[in-house]
Amino acid sequence: MSKLSYPISFLEVSSYSEHIKDYSRLGRADIKLLVNDFVEFTLYMYYQLGLPHPTEAQLAMSSYIWKSGYKYRQVLAERGLAKSLTSQLYVMWRLLRNKDFKVGVVSATERRAGNYTTFLLNTIRDTPILAH
């Protein structure tokens, strides 16, 4: 078994980032980094949501969505890899960058689309950096 090189729990550290030392004390440069780097934003939001450090696969998915350069992106991954969460975080990040960004939510059922949207709205409301 390999030893993980990152913290498993947000209770162990004050940040998941190599660049931001303490998420509770964000400076201007930290906020600028979060606004301009989706992978850093993903790390920040995992911490804010009380989730374990994202896996390498989850960070690779975030990097692909951010850096692919394509107008439309599709992620195909196994069950449980946080595809929906990653897409929700991407929507939040885009809204952080542009409050007028338009989002359409399409899902197999109305209930799932509603749950997706409710999570987005609650998280935006409860995360200080997103309230603008």
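Arg125 is exposed, with a relative accessible area of 57%. Here, exposed means over 50% relative accessible area, buried means under 20%, and partly exposed lies in between (1.4 Å probe, protein chains only). Asp126 also counts as exposed, at 51% relative accessibility. The side chains of Arg125 and Asp126 meet in a salt bridge, with 3.0 Å from N to O. A salt bridge is a side-chain nitrogen of Lys or Arg within 4 Å of a carboxyl oxygen of Asp or Glu.

Before going on, note what kind of model this is. It is predicted, so local features need pLDDT of at least 70 and side-chain atom pairs count only at pLDDT 80 or more, while totals for chains, interfaces and linings use all residues. Residues are numbered from 1 along each chain as its sequence is written, and side-chain values use heavy atoms, with hydrogens and water left out.

How many salt bridges does a search of the whole structure find? The search finds two. Arg25 forms a salt bridge with Asp22, and their closest N and O atoms are 3.8 Å apart. Arg25 is exposed, with a relative accessible area of 66%.

Now look for empty space. Rolling a probe the size of a water molecule over the atoms shows where such space is left. The search uses a 1 Å grid over the protein atoms alone. A cavity is a set of points where a 1.4 Å probe fits but cannot get out. A pocket is an open set with protein on both sides within 12 Å along at least five of seven lines. Lining residues have an atom within 4 Å of a point. Grid points are joined across faces, edges and corners, and a volume is the space filled by probe spheres set on the points.

The largest pocket holds about 970 Å³ of space. It is lined by 29 residues, and the closest to its centre are Arg73, Lys83, Ser87, Gln88 and Tyr116. The elements that give two or more residues to this lining are α3 (56–67), α4 (83–97) and α5 (110–126). Helices (H or I, at least four residues) and strands (E, at least two) are DSSP runs, numbered from the N terminus. Helix α4 gives the largest share of the lining, eight residues. By class, the lining of the largest pocket has 13 nonpolar, nine polar and seven charged residues. Ala, Val, Leu, Ile, Met, Phe, Trp, Tyr, Cys and Pro count as nonpolar, Asp, Glu, Lys and Arg as charged, and the others, Gly among them, as polar.

The second largest pocket holds about 200 Å³. Among the residues that line it are Tyr16, His19, Asp37 and Leu59. Helix α2 (residues 38–48) gives the most to this lining, with three residues. The lining of the second largest pocket has four nonpolar, three polar and three charged residues.

Next, the loop between α3 and α4. Tyr70 lies in this loop and is exposed, with a relative accessible area of 54%. Ala82 lies in the loop between α3 and α4 as well. Most residues other than glycine have a negative phi. Ala82 has a positive phi of about 70°, although it is not a glycine.

Finally, consider distances. Arg111 is found in helix α5 and counts as exposed at 67% relative accessibility. The C-alpha atoms of Arg111 and Ala57 are separated by 28 Å, and these residues are 54 apart along the chain. Gly27 is found in the segment before α1 (28–36). Gly27 and Ala131 are 104 residues apart in sequence and 16 Å apart in space, C-alpha to C-alpha.
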